[in-house]
Amino acid sequence: MKYDHDAIVIGGGPSGSTFARYCAAAGMDVLIIDKRKEIGIPVRCGEGLGTREVLAQGLELPKRCISAEITGAKVVAPSGKEIVWKDTQTTGWVLERKMFDKWLCELAVDKGVKVHTYTRATELVKEGGRIAGVKLSHGGKEPYEVRAPLVVSAEGMESLMARAAGFKTVHSLYDVDTCYQYEMKPYDHQNLIELYFGNEIAPRGYVWIFPKSDRKANVGIGIGGNYMNAKKGASGVDGADPKVYLEKFIASHPQLKDSSTLIDFGGVISVGAPMDEFVKDNFMVIGTAAKQVDPIHGGGIAIAMETAALAASTAIGAHKGKDFSRSALLPYETEWKATLGKKMAKRLMLRKVMEKLNDGDLDYIFNTITQKDLNDTMDGKFAAPVAKVVAGRPQLLKVLGALLS
Amino acid sequence: MITIEHAGCIFCVGCSSVCPANAIEAVGTRMKHYPEKCIDCGLCAKVCPANVITLHKGVKDPCQAKAHQGHAAPKGAVK
């Protein structure tokens, strides 16, 4: 059987580029295709990233990719009470995402990866019932066939080829957040990520302000997909339109109400469970395409990069053994579920508990917990913070008890 | 079927990610809808952060959908 490449990666975002970089460094011939005209554009993201994941891969982020350094987070309760939280968990960057994605992709190219932009995968190529490549269309032109023993979906939310390969990629409204965001200026910040909670502010979600360079900030909102157009929006509008909520927040914010918007962007992000399986014969799904996204904050870059490294080590092994069957690709899935998967499951549990809390509960919790409790909670150690809250508000045991099981 | 006001679309592909029928996908630089696959569930319209998708339940004809949305129907459209 003749192949054009050892692997074809669909999608040149953080997971695809990272996966390809590792595979190429180990001697594999890898092709990345991306349907967009330019890698990294359009940005659909809050652009926040913790420092640990990049450092763990021995990468040094160039200055052009960093818009602002983050030293901590400010979490604001519905009542307006603020907790400033500084810890290793909360240091990071707000990226220039379009620069970041392109940089990661260029790193892959430096290792020998071939990249084609404005190229869409239209269907899977099958041979004897097995996936053996993809049909590609450049700029909407007549599709042509490219063959490889391994096809990797790093397609993000859309994940159409993963769907074609038989994965359950469709998202339910309950398990997505719909987001809208402006880049705004001027905004004088303190290098803190700011998160505003409250059912009147953002039903099942939050408003964020991510500081950027030159007195700019990403001001965005994410609300539960199942609240969209629900005809009972707290603002009285017909359905919960994220833009309406965001405008309301901005109008009531002392600094932002007079600021300009420089960019409109938005998106829909998975905040549910990851897919049940990530591999089939000759096919892998990585990153957001596999719904590997943090259910609490909807962040996907860090997980994508960690996942890509894991998946690449499996793919490299499969390449050496010339075996791309499901069982040969399974180590990635098994390892993911035992490590990142466990962490995600706890986060998902926390999300599902948080969405049951009303503003009064949230205010009570914010008045009770400390920075240490916040750290424990984000680490998945729920017992102490829950005990503290329940001691003062026993009726919350029914809701928070789920975290103790 | 649905109609999309492309001018306001921010190309986030959220609609495509929730469509159970593969009836909408990103092609080139805009979203493309396949009315023949559409099952009128309206999930795309609900999830759209830019609020540019309108569901026209039971309408099968693109011209009619446009008319339904308030645009003038093209000549020859079935009323």
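In helix α9 of chain A (residues 359-368), the buried positions are D361(A), L362(A), D363(A), I365(A) and F366(A); buried here means under 20% relative accessible area, with exposed over 50% and partly exposed in between (1.4 Å probe, protein chains only). Helices (H or I, at least four residues) and strands (E, at least two) are DSSP runs, numbered from the N terminus. This is a predicted model, so to speak: local features need pLDDT of at least 70, side-chain atom pairs count only at pLDDT 80 or more, and totals for chains, interfaces and linings use all residues. Residues are numbered from 1 along each chain as its sequence is written, chains are lettered from A and ligands numbered from 1 in the order in which they are written, and side-chain values use heavy atoms, with hydrogens and water left out.

The cover over the buried residues of α9(A) includes β5 (72-76), β6 (82-85) and α11 (383-392), again from chain A. At the start of α9(A), N358(A) puts a side-chain oxygen within 3.0 Å of the backbone nitrogen of G360(A).

Over in helix α7 of chain A (residues 326-338) sits L329(A), which counts as buried because its relative accessibility is 0%. Setting aside neighbours within four places in sequence, L329(A) has contacts (heavy atoms within 4.5 Å) with, among others, L150(A), V279(A), F283(A), M284(A) and F324(A). M284(A) lies 45 residues from L329(A) along the chain, yet their C-alpha atoms are 7.6 Å apart.

Next come the nonpolar cores, meaning sets of buried Ala, Val, Leu, Ile, Met, Phe, Trp, Tyr and Cys residues joined through side-chain atoms within 4.5 Å. The largest has 80 residues, and L400(A) and I53(B) touch the most other members. A second, separate core of 53 residues includes I32(A), V113(A), V285(A) and L329(A).

As for the interface, chain B and chain A bury about 2,100 Å² between them, 58% of it on carbon and sulfur atoms; buried area is the accessible area (1.4 Å probe) that two parts lose on being put together, summed over both. S17(B), K46(B) and P49(B) supply 25% of the area that chain B buries against chain A, more than any other three residues. The contact draws 25 residues from chain B and 27 residues from chain A. One salt bridge turns up across the interface, taking a side-chain nitrogen of Lys or Arg within 4 Å of a carboxyl oxygen of Asp or Glu as the rule. E25(B) pairs with R120(A) in a salt bridge, with the closest N and O atoms 2.8 Å apart.

Key: Polar contact = N/O pair within 3.5 Å; in protein donor to acceptor, adjacent residues only side chain to side chain.
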